[in-house]
Amino acid sequence: WKSEYVLKAFLDVIKYWTNLGISGFVFRDFEYVADKNREELMNIDTLREMRKFYNTIKEVNHEILVIGKSSIIDLKDAQALISGTTQIFDYFQSTKVSTTGVDGKFGNDVINKFNPKKLFKRMNAIAHKPGFIVSLGSELTGRITSRWGDDGQFNAESAKTLSLITHLTPASSTFYY
């Protein structure tokens, strides 16, 4: 991915999609792009290369939105990725809120007792920061109504309530359904 050929091919992809009217791109799991070792996920070389990709997109059209999406990058590191000289995204979407109450030993299928205080604490940490997107659910964590709501009799009510939670924050929000 450090190859100039890859950067040129990436530029061709960006141009193709923007010519079709796409106005933004999401980089999901970007932290794994260069390294296999979790301790070295976002090292200086990786950030430098990602900055090249970000600048390339902005050269095509400075109004294109570039969104980073992760469930493992902490908020302090994410803040550096959306501002200042280390900026590589315009917005950062954390799916970490969606993992509240998940037992990591058994994957996303096992839910511990739902803890609303922990949920609101995680949401509050993101909701008041410019450039962050509050997200409930994702393609990695599944439909949030299946996990915290009721898929049966109260499916619509669960979906509306959980969506309302994200939309009451001053941040941008998404709801995976």
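Visitor: How many salt bridges does a search of the whole structure find?
Guide: This is a predicted model, in which local features need pLDDT of at least 70 and side-chain atom pairs count only at pLDDT 80 or more, while totals for chains, interfaces and linings use all residues. Residues are numbered from 1 along each chain as its sequence is written, and side-chain values use heavy atoms, with hydrogens and water left out. With a salt bridge taken as a side-chain nitrogen of Lys or Arg within 4 Å of a carboxyl oxygen of Asp or Glu, the search of the whole structure gives three.

Visitor: Which side chain meets K52 in a salt bridge?
Guide: The N to O distance in this pair is 3.7 Å, and the partner of K52 is E4. K52 belongs to helix 2 (residues 44-60) and its partner to helix 1 (residues 4-19), so the bridge ties together parts 48 residues apart in sequence; helices (H or I, at least four residues) and strands (E, at least two) are DSSP runs, numbered from the N terminus. K52 is partly exposed at 29% relative accessibility, whereas a value of 53% makes an exposed residue of E4.

Visitor: About how many helical turns separate D12 and K8?
Guide: The side chains of D12 and K8 also form a salt bridge, at 3.3 Å from N to O. D12 is partly exposed, with a relative accessible area of 40%, that class lying between buried (under 20%) and exposed (over 50%), as judged with a 1.4 Å probe on protein chains only. Because D12 and K8 are four residues apart in helix 1, their separation is about one helical turn.

Visitor: Is D90 buried or exposed?
Guide: D90 forms a salt bridge with K58, in which the closest N and O atoms are 2.8 Å apart. The two come from distant parts of the chain, 32 residues apart, with D90 in the loop between helix 3 and strand 3 and K58 in helix 2. K58 counts as buried at 17% relative accessibility, and at 16% D90 is likewise buried.

Visitor: Where is Q87 found?
Guide: Q87 has a relative accessible area of 18%, so it is buried. Contact meaning heavy atoms within 4.5 Å, Q87 is in contact with R51, Y54, A80, L81 and I82 when neighbours within four places in sequence are left aside. Its place in the chain is the loop between helix 3 (75-81) and strand 3 (91-94).

Visitor: Which residues have the most contacts inside the largest nonpolar core?
Guide: A nonpolar core is a set of buried Ala, Val, Leu, Ile, Met, Phe, Trp, Tyr and Cys residues joined through side-chain atoms within 4.5 Å, and the largest here has 30 residues. Among the elements that give two or more residues to this core are helix 1, helix 4 (116-127), strand 4 (132-136) and helix 6 (155-167). F92, one of the residues in question, touches residues including G68, I73, A78 and I133, not counting those up to four places away in sequence. The residues with the most contacts inside the core are F30, F89 and F92.

Visitor: Which pattern does the protein follow, read along the sequence?
Guide: Of the 177 residues, 38% count as buried, and 68% of the contacts with a separation of 6 or more are between residues 24 or more positions apart. The secondary structure comes to six helices and five strands. Read along the sequence, these follow the pattern α-β-α-β-α-β-α-β-α-α-β.
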